[in-house]
Amino acid sequence: MNGRHHAAIAIASWVAAAPYLPGDLAAPFAGPLGYAGGLLLCWLGGLLPDLDTPTSKMGRCLPGLSHAVHWLFGHRGFTHSLLLPLSVVIAFELLQQPLPLSWLLPLAIGWSSHIIADMFTPAGVPVLLPVVVKFKLPLASNDLYERGITGVLVVLLLSVGLLPDALLTDLHAAFSRALPI
Ligand SMILES: [Zn+2]
């Protein structure tokens, strides 16, 4: 997956998630400015994990930091594992500061979208580091396939965010009837 794929999936993830954020969590993103701010942060979160690759979009923006992260952890290491969000939570805990969810939440949505998208590639993602198990669901491995997966994910996510509620309710009812659980 390249930066364009991750950017598209992250933006679509924000469109999908924003309407469903509950009460207090949704408040900072109400109105066009709040929504656009969330979208921007989600896009950044979607590119953030590849900071461990100096040739990535994020790596080229922050070359010093990117080389350091790559040297320390390699590609698809720390930034692609739950150690990253865990470290952020621990850091705020140590600083005795509340988590600033108004900007961490969209970053986290974008970051998660990146990790899930990378799972569709043969290299997989070591989400549970230091346990070195790579989670992956690659159905093929080439640029066309990655574009296809990106397209499918973007369409699905945009549908979740943009389809009218009534249609979603009907679809949910139809799935419930087809797959009674
Ligand atoms: Zn990645």
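A nonpolar core is a set of buried Ala, Val, Leu, Ile, Met, Phe, Trp, Tyr and Cys residues joined through C-beta atoms within 7 Å, where a residue is buried if 20 or more other C-beta atoms lie within 10 Å of its own, exposed if 12 or fewer, and partly exposed in between, with C-beta atoms placed from the backbone. The model is predicted, so that local features need pLDDT of at least 70 and side-chain atom pairs count only at pLDDT 80 or more, while totals for chains, interfaces and linings use all residues. Residues are numbered from 1 along each chain as its sequence is written.

The largest nonpolar core holds 28 residues, and those with the most contacts inside it are Ala10, Ile11, Ala12, Trp14 and Cys42. Two or more residues come from each of α1, α3, α7 and α8, the largest share being the nine residues of α1; helices here are DSSP runs (H or I, at least four residues), numbered from the N terminus. Leaving aside residues up to four places away in sequence, Ala12 touches Leu153, Val154, Leu157 and Leu158, a contact being a pair of C-beta atoms, placed from the backbone, within 7 Å.

The buried residues of α7, among them Leu105, Trp111 and Asp118, pack against the following helices.

| Helix | Residues |
|---|---|
| α1 | 3-17 |
| α2 | 23-26 |
| α3 | 31-47 |
| α8 | 143-162 |

Trp103 also lies in α7, but counts as partly exposed because it has 16 C-beta neighbours inside 10 Å. The C-alpha atoms of Trp103 and Gly38 are separated by 7.2 Å, although the two residues are 65 residues apart along the chain.

Notes
Two residues are in contact if their C-beta atoms, placed from the backbone, lie within 7 Å.
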